[in-house]
Amino acid sequence: MENLQLRSFAEYKKAYKKSLKDPEGFWEEIANTFTWQQKWDKTLEWDFEKPEVKWFQGGKLNITENCLDRHLEKLGNKTAIIWEPNDPDEESRYISYRQLFVKVSRFANVLKNNGIGKGDRVCLYMPMIPELAIAMLACARIGAVHSIVFAGFSSSAIARRINDSECKMLITANEVYRGAKKVNLKEICDKALEETPSIETVIVYRRTVEPTAMKDGRDKFWFDELQKAEKDCPAEVMDAEDLLFILYTSGSTGKPKGMVHTTGGYLVGTTYTFQNVFQLEKDDVYWCTADIGWITGHSYIIYGPLASGATTVMFEGIPSYPDYGRFWEICEKLKVTHFYTAPTAIRSLAKQPLKFVEDHDLSSLKVLGSVGEPINEEAWHWYNDNIGKGNCPVVDTWWQTETGGIMISPLAGITPTRPTFATLPLPGVQPVLMDEQGEEIPNTNEPAEGRLAIKFPWPSIARTIYGDHERYKEVYYSTFKNKYFTGDGAYRDASGNYRITGRVDDIVIVSGHNLGTAAIENAIDEHESVVESAVVGYPHEVKGNALYAYVILYNDIEPSEELIKEIKAIVSETVGPIAKPEKIQFVSGLPKTRSGKIMRRILRKIASNDTADLGDTSTLLNPEIVDEIMAEAKH
Ligand code: WT7
């Protein structure tokens, strides 16, 4: 295993230049440092019009050989995963690379014994416990495609995702601890399983001793199955372009998009970016606080760090339990050197008395990371001053589920940082700003603002939307000719540093969670008293954005607190608790264009209490509604 780290800004600039001039040669050199069962024949084939992207075609490999087997000789006894439980009084678990290898191999045989093979889809709905990592790697070991569903999603959200990719198996846990609460995951699954005909087997890990209802013939306990499984499991030979996983993300229609990531490019992309952005040294302890149910956890708790032979921390709990000092207590206890979290967490912790930070020795920290949404100036400084004590570079990493890995970010300690800026593209990434006319704004020394697109493929780009290539084309490649459109707006300063300004489409990032407003509207519209609804985001001090729902009721229905509760409950059940609107306003109509489209721009401004300039409302079908909505707005 070779170290892929660039060591200075000069080296970064040289690598960036090379990646522009000869992208294939650039990535070939990096790809060569991995373990391949057979070398590839063709480095890159691409066409953003089709769209189609293929990296390292003909190459054969297994990602788990790169994350596990290749480390055994030199790093076998090194800790791969440190698991920190929800309850600080429960023991932490230290799992070495060798132990992880053994556990993954055996569980891979459990999958096989239960009829899972290459290409089969397996849904994982699990808490943040090592078994989640083991199950995902076991899938990869045998070439099964994992589809991890964040364990905060509702039954119907699970069912929709399982059905979309026809998963054959579901892996879950009986219960999960979340702060002072216990949540029964199996019950949530059982409800989903009423409408998922493709599921043949459910494997249940017992996180607690509570009795669990099991369905005969379908449900099996993790430990019982392990007892029956063989120890060794050779790695399945995968093509570089074979599916590694599906991960669902919100879209601007109600249906979640199953983003497809493939084996070779994803491995190369996540490992290269992990090493360069974070700049780990040999005995460092890296902690990313994300949940593995999101892309951040896939790429930067599991695949990138393990392929790099790093020690990665997995935390089961929440930042406020047993008190708001928990993150810092863990940093002290585990001597965390690299800490990677989301602005929403930073903002909520910054609101607490500083004592929660000061009670802990944070001198082990070297690098701080931020991801998931724009980090505001205040949060950036609080993080830098109080957590980093001014000594830790802050890497603000911009990327997406679709990009698989970090795209724009400082390299820790190397790239000059600027508060609220994700700064410069990583080598191999070619961002462009597009103006209103759809023209590229040249990157000269003039500051500029526009929509962010990427004009050349990188290895970890999602290849398609599972089962819906047309939608993939429509969403990402139809806005600008021959470019991947990110859905984000961005500002670029005179030195070429990027600051991401936020979504320019109907996706709202709430507490770092990517939510499609259409899915929430669909849920609200299911309520029997609701005619129609519109959901928009507005700035929120802690969550970054919060949701504001405008709801039209049937004429004979009186608005009430009860209704507000019911609407929140329906959103919670169909999409998930994180999607509950913060504010609900009952209205008699919604501002619509003559073609019947809701004018969300106006609704966003009203929700944000920014109504000085509403823009042109004369083209509306019903301009009078705007005054009514404004008069009754909830601020
Ligand atoms: C959207 C993607 C990338 C993993 C977590 C989210 C926003 C992400 C930043 C950042 C400003 C950011 C963008 C992006 N975003 N990182 N550093 N600064 N905005 O993945 O759920 O696919 O969401 O998150 O709007 O498009 P995701």
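This is a predicted model: local features need pLDDT of at least 70, side-chain atom pairs count only at pLDDT 80 or more; totals for chains, interfaces and linings use all residues.
Local features are taken at pLDDT of at least 70 and side-chain atom pairs only at pLDDT 80 or more, while totals for chains, interfaces and linings use all residues. Residues are numbered from 1 along each chain as its sequence is written, and side-chain values use heavy atoms, with hydrogens and water left out.

The ligand comes first. Its shell holds 18 residues, the closest being Asp396, Thr397, Thr401, Asp488 and Arg503; a residue joins the shell if one of its heavy atoms lies within 4 Å of the ligand. Sorted by class, that shell has 7 nonpolar, 6 polar and 5 charged residues. Here Ala, Val, Leu, Ile, Met, Phe, Trp, Tyr, Cys and Pro count as nonpolar, Asp, Glu, Lys and Arg as charged, and the others, Gly among them, as polar.

On the backbone side, an N or O atom of Glu373 sits 3.3 Å from a ligand nitrogen, and one of Pro374 sits 3.4 Å from a ligand nitrogen. Gln400 instead uses its side chain, with a polar atom 2.8 Å from a ligand oxygen. The protein covers 95% of the 550 Å² of accessible area that the ligand has on its own, with areas from the Shrake-Rupley method and a 1.4 Å probe. Helix H11 (295–307), strand S20 (394–397) and strand S26 (498–503) are the elements that give two or more residues to the shell. Helices (H or I, at least four residues) and strands (E, at least two) are DSSP runs, numbered from the N terminus.

As for the backbone, a cis peptide bond joins Lys50 and Pro51, with omega about -15 degrees. Pro51 belongs to the loop between strand S1 (42–47) and strand S2 (52–57). Another cis bond joins Tyr321 and Pro322, with omega about -5 degrees, and Pro322 falls in the loop between strand S17 (311–315) and helix H12 (326–334).

Thr420 is not a glycine, yet has a positive phi of about 75 degrees. Thr420 lies in the loop between S20 and strand S21 (431–434) and is buried, at 7% relative accessible area (buried means under 20%, with a 1.4 Å probe and protein chains only). Asn609, also not a glycine, has a positive phi of about 55 degrees and is found between helix H19 (600–607) and helix H20 (624–631), in the loop.

Technical notes: A polar contact is a pair of N or O atoms within 3.5 Å; within protein, one must be able to donate a hydrogen and the other to accept it, and residues adjacent in sequence count only if both atoms are side-chain atoms. Buried means under 20% relative accessible area, exposed over 50%, partly exposed in between (1.4 Å probe, protein chains only).
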